[in-house]
Every structure is written in structure tokens, then in C-alpha cells.
Amino acid sequence: MLVAALENGTVIDHIPTSKLFTVANLLKLDTFPEPVLIGNNLSSNKIGKKGMIKISNRMLTDDEISRLAVVCPNIRLCIIRDYEVVEKKEVMLPDTLENVVKCANPVCISNNEPMRSFFYVTDKDNGIMRCHYCNKEQKIEKAEFYKQLVLNI
Ligand SMILES: [Zn+2]
């Protein structure tokens, strides 16, 4: 299964084993109609055990990559075209997160007005972000995603 070649699509590698199904859910792979291979507890020289997902005929959007960075930073994406790896990307937490997750402060203006959230990632190692609007510091992994990414305002 691991060596099954992908003609076109995306390989998501170095997924922490505990996050594999979170990633699959986030990308809505349960309803994706093309072939998908999901492997867990595979050996990795780098992180011990890992999960890996191969998705045929799908490129991830920037929004999906931002969401992946939030749930598990340091995964690796390989883009495959005609059986060749044409691009490798390490997914990193960005310096800012805009309109990806909600502020944990219920009285924050970003939760009460039709507007986008905006956070500064203040501590990448510990996954801490600070809201631009209310200044509340919060754990990125505890944050709730917006159901719909783009607000038309
Ligand atoms: Zn806030």
C-alpha cells in the first residue's frame, strides 16, 4: 500500500498518529469520490511512528493548508503529477491566522460582528496565538474552526 504510486494528487506525510483522523475529517475524505489511501503507525526515521494519506486527483487549497497547519504543524505535503513529485512543502504555522479559527473570547468583537478573525501567532513552539481585536492569548489547538471559510463582507 505504501508504495502504491499516485499518478496525480497529494501525499500528506509525517502526520502525528494521533492526528491522522483529524486530518482526514478536516479534508472531508469520507465523502471524497477519488481513491484515498490512509496509513497509520508507519515507521518514520524522523518522528518514530507516523500517519500518511495519499489522495488521488486533489490539490489542497491554501485554506485547507492553513487548517492543517493549525491541527498539526510540521507535516509534509508532496504534490504528484504524472507519478513525479513536483513539489514538496513543509506545512508550518504561519505568523498570522486570518479567518481560520474563532476567538475563544465570547465577547470579542470578532465573534459578534460579521467580520474576520485575526490572530498573531506569538509562540510557534507552544502553539499560542493572540487575538488582534481583544488581545486574548489562546492555545491554537483548542481553537474552533469557522464552518465556512470565506465571509462575504
Ligand atoms: Zn478576540
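What geometry does the site of the zinc ion have, given its four donor atoms? Hi everyone, let's start there, keeping in mind that this is a predicted model. The angles among those four donor atoms run from 101 to 116°, and the site is tetrahedral. For reference, the ideal angle for four tetrahedral donors is 109.5 degrees.

Who are the donors? The zinc ion is held by the SG atoms of C103, C108, C131 and C134, at 2.3 to 2.4 Å. Along the sequence, they follow the spacing C-x4-C-x22-C-x2-C. C103 sits in the loop between β6 and α3, while C134 sits in the loop between β8 and β9, so this pair ties together parts that are 31 residues apart in sequence. C103 is buried, at 6% relative accessible area, and C134 is partly exposed, at 26%.

Now let's zoom out. The domain assignment gives domain 1 as 8-90 and domain 2 as 96-142. Their centres, taken over C-alpha atoms, are 25 Å apart.

On to the salt bridges: the whole structure has six. One of them joins D13 to K50, with the closest N and O atoms 2.9 Å apart. D13 is in strand β1 and K50 in strand β3, so the pair connects parts 37 residues apart in sequence. Both ends are buried: D13 has a relative accessible area of 11%, and K50 has 10%.

Another salt bridge pairs D95 with K124, at 2.8 Å between the closest N and O atoms. This pair links distant parts of the chain, 29 residues apart. Here D95 is exposed, at 55%, and K124 is partly exposed, at 42%.

Thanks, and I'm happy to chat!

Terms used:
Residues numbered from 1 in each chain as written. Predicted model: local features only at pLDDT ≥ 70, side-chain atom pairs only at ≥ 80, totals over all residues. Heavy atoms only, no water. Donors = N, O, S within 2.8 Å, 3.2 Å for Na, K, Ca; no water. Tetrahedral: all angles 85-135°; square planar, octahedral: opposite > 155°, others 65-115°. Helix = DSSP H or I, 4+ residues; strand = E, 2+ residues; numbered from the N terminus. Buried < 20%, exposed > 50% of the residue type's maximum accessible area, 1.4 Å probe, protein only. Domains from an automatic or database assignment. Salt bridge = Lys/Arg side-chain N within 4 Å of Asp/Glu carboxyl O.
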